[in-house]
Amino acid sequence: CKKMFEDSLKFLQTDYIDNYLLHSIGSGGFKTFSRRYLENGALDWCAELRAKGRIRRLGFSYHGDPKAFEWCIERHGTYKWDFVQIQLNYLDWKHATSRNVNAEYLYGELHKRNIPAIIMEPLLGGRLSRVPDHIVARLKQRRPENSVASWAFRFAGSPEGVLTVLSGMTYMEHLQDNLRTFSPLDSVTEEEKVFLQETADLLSMYP
């Protein structure tokens, strides 16, 4: 861990890092998390680096075993997380896919502790931009001028305390659509949240 950190400073040609993220803490289960960050003192060492100003903001990203997420969140008073990166989109809000946990729970735990959230997978690996035709029609009926993807981005960016939304972009039109969506962001209304949850219920029936 120490070598990786010092190498990062050297490669970045700086003496501090603005945002330092412990990646995918739940991946591999709680025992793996414990071995990577607790038993070797790595997490406490990172907290010491922040106290010294070599790390300005400390956070983690989460996938996998909820025990790791819960362990970290329950110790927010000790580590004072500056941000946490979670997977959040309107399908995973209540219908978590694969090894994920419902985003409603993850976001709720962060929000009640006032921990800023960084959102990953707003399009669920592109799935929410390639929905079945009848779902496209459903979305277009409400906002004919807006892209299918924009619904997912608006949902991801709307919750209070969201710091930023990460987006993978391949083509210039993706970038342009994202700029239109977020500049400025037209947050989803309560009625639209219900509409998107109904849409997610329909999508959850597809593998």
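So, Arg-57: if we skip its neighbours within four places in sequence, Arg-57 is in contact with Asp-18, Asn-19, Tyr-20, Asp-82 and Phe-83. Contact here means heavy atoms within 4.5 Å. Before I go on, this is a predicted model: local features need pLDDT of at least 70, side-chain atom pairs count only at pLDDT 80 or more, and totals for chains, interfaces and linings use all residues. Residues are numbered from 1 along each chain as its sequence is written, and side-chain values use heavy atoms, with hydrogens and water left out.

Back to Arg-57, which sits in strand β2, residues 55-61. Helices (H or I, at least four residues) and strands (E, at least two) are DSSP runs, numbered from the N terminus. Buried would be under 20% and exposed over 50%, with partly exposed in between, using a 1.4 Å probe and protein chains only. And Pro-159? C-alpha to C-alpha, Arg-57 and Pro-159 are 21 Å apart in space and 102 residues apart in sequence.

Okay, strands next. Strand β4, residues 117-120, is covered on both faces: Ala-117 and Ile-119 are buried on one side, Ile-118 and Met-120 on the other. β4 runs parallel to strand β3, residues 83-87, and four bridges join them. Two strands pair if DSSP finds at least two bridges between them. Gln-87, for instance, has Met-120 in β4 as its bridge partner.

Now helices. Two packed helices are described by the angle between their axes and the distance between the axes. The axes are lines fitted to C-alpha atoms, for helices over the stretch in contact, and angles run from 0 to 180 degrees between N-to-C directions.

Take α2, residues 30-38, and α4, residues 66-74: their axes come within 8 Å and cross at roughly 45°. So α2 is oblique to α4; under 35 degrees is roughly parallel, over 145 roughly antiparallel, 65 to 115 roughly perpendicular, and the rest oblique. Who meets whom? Phe-30, Phe-33 and Leu-38 in α2 meet Lys-67, Ala-68, Trp-71 and Cys-72 in α4.

Last pair: the axes of α7, residues 133-142, and α10, residues 190-203, come within 11 Å and cross at roughly 170°. That's why α7 counts as roughly antiparallel to α10. On the α7 side, the residues are Ile-135, Arg-138, Leu-139 and Arg-142; among their partners in α10 are Glu-191, Phe-195 and Leu-203.
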